[in-house]
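Please walk me through this structure by question and answer.

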Amino acid sequence: MTATAVRCEPVTAATHDAVIGLKVLPEQKDFVASNKRSMKLARKRPEAEPLALFHGSELVGFALLIPLPDTPGAVLLERFMIDRRAQGRGLGRLGMRAVLERCRADGRTTVRLSVVPGNRVAIGLYRSLGFGETGEVEDGETVMELTWPDTDTDTDTGTGTGTGTAASPDR
Ligand SMILES: CC(C)(COP(=O)(O)OP(=O)(O)OC[C@H]1O[C@@H](n2cnc3c(N)ncnc32)[C@H](O)[C@@H]1OP(=O)(O)O)[C@@H](O)C(=O)NCCC(=O)NCCS
């Protein structure tokens, strides 16, 4: 599969139950809420964008984006997960790139997230894609951000600035 092999699509009635069926490993349960809970949150927030991540025809993950109303152009990546059966195959990296590409195509200039400090795999992945720690801690979680310049004409995903560091688009 190529680097474009993961795509994100809005969760629909047809994919809802399968999305809820995606699970992380038992030792990862403290890192992310269940997708059932996340979909409940999404229903309460009309501006939320729950996204199903597909690798070919296989549903492999889930992301939840929520625009930040007080910061124009900013969106919160509230949840991100790859199903336990699909992890370790490079799909988390490809899934994040698909989510970032979507954010950028939608005109977002900042993606914000928070991560449990012990979640070294996720932190390493985010850093490698250009996210940087903001220095804030929210509910015990480390806040990270990726910002693109408003006038950026580069079409690659991992070229964040500000709190983040530049990342190779091939990673
Ligand atoms: C974090 C998560 C999305 C990564 O998904 P994934 O499909 O396993 O990730 P990938 O296979 O794309 O690997 C991404 C990087 O992490 C590394 N990695 C993945 N699993 C690893 C492990 N168990 N130990 C060490 N490194 C690991 C890979 O080597 C890769 O780095 P590289 O590209 O420099 O080689 C996945 O582990 C997950 O869903 N975890 C539970 C939920 C979670 O923590 N979400 C984030 C909340 S903020």
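This is a predicted model: local features need pLDDT of at least 70, side-chain atom pairs count only at pLDDT 80 or more; totals for chains, interfaces and linings use all residues.

Me: What pLDDT does the protein chain average?
Reply: pLDDT is the predictor's confidence in each residue, from 0 to 100. In the protein chain, 85% of the residues score at least 70. The average is 89.

Me: Over which residues does pLDDT stay under 50 with three contacts beyond four places in sequence?
Reply: Two residues are in contact if their C-beta atoms, placed from the backbone, lie within 7 Å. The stretch with three such contacts and pLDDT under 50 is residues 152-156. A further stretch has pLDDT below 50 and 16 contacts in the model beyond near neighbours in sequence: residues 165-171.

Me: Which pattern does the protein chain follow along the sequence?
Reply: Helices (H or I, at least four residues) and strands (E, at least two) are DSSP runs, numbered from the N terminus. The protein chain has four helices and seven strands. Read along the sequence, they give β-α-α-β-β-β-α-β-α-β-β.

Me: How many bridges join strand 1 to strand 2?
Reply: Strand 1 and strand 2 run antiparallel. The number of bridges is five.

Me: Which residue of strand 3 stands opposite A52?
Reply: Strand 2 and strand 3 are antiparallel and joined by seven bridges. Their hairpin has two residues between the strands, and G56 there takes a positive phi near 60°. Opposite A52 stands F62.

Me: Which residue is the bridge partner of A63 in strand 4?
Reply: Strand 3, residues 58-67, pairs with strand 4 in the antiparallel sense over seven bridges. The partner of A63 is F80.

Me: How many residues of strand 2 are buried?
Reply: A residue is buried if 20 or more other C-beta atoms lie within 10 Å of its own, exposed if 12 or fewer, and partly exposed in between, with C-beta atoms placed from the backbone. Buried residues make up 37% of the 171 residues in the protein chain. Strand 2, residues 49-55, is largely enclosed by the rest of the structure, because its buried residues number six of seven.

Me: Which element supplies the largest share of the shell around the ligand?
Reply: A residue is near a molecule if its C-beta atom, placed from the backbone, lies within 6 Å of it. Of the 22 residues around the ligand, Q28, F31, Q87, G92 and R93 come nearest. Strand 4 (74-82), helix 3 (91-105), strand 5 (110-115) and helix 4 (120-128) each supply at least two. The largest share, five residues, comes from helix 4.

Me: Is F31 buried, partly exposed or exposed?
Reply: F31 lies in the loop between helix 1 (16-20) and helix 2 (35-44). Not counting residues up to four places away in sequence, F31 touches V24, V116, N119 and A122. With 17 other C-beta atoms within 10 Å, F31 is partly exposed.

Me: With which residues is Q87 in contact, leaving aside neighbours within four places in sequence?
Reply: Q87 is found in the loop between strand 4 and helix 3. Q87 is partly exposed, as 17 other C-beta atoms lie within 10 Å. Its contacts are I82 and G92.

Me: Does D139 count as buried or exposed?
Reply: D139 sits in the loop between strand 6 and strand 7 (141-147). D139 has a positive phi of about 50° although it is not a glycine. With 7 C-beta neighbours inside 10 Å, D139 counts as exposed.

Notes
Residues are numbered from 1 along each chain as its sequence is written. Two strands pair if DSSP finds at least two bridges between them.
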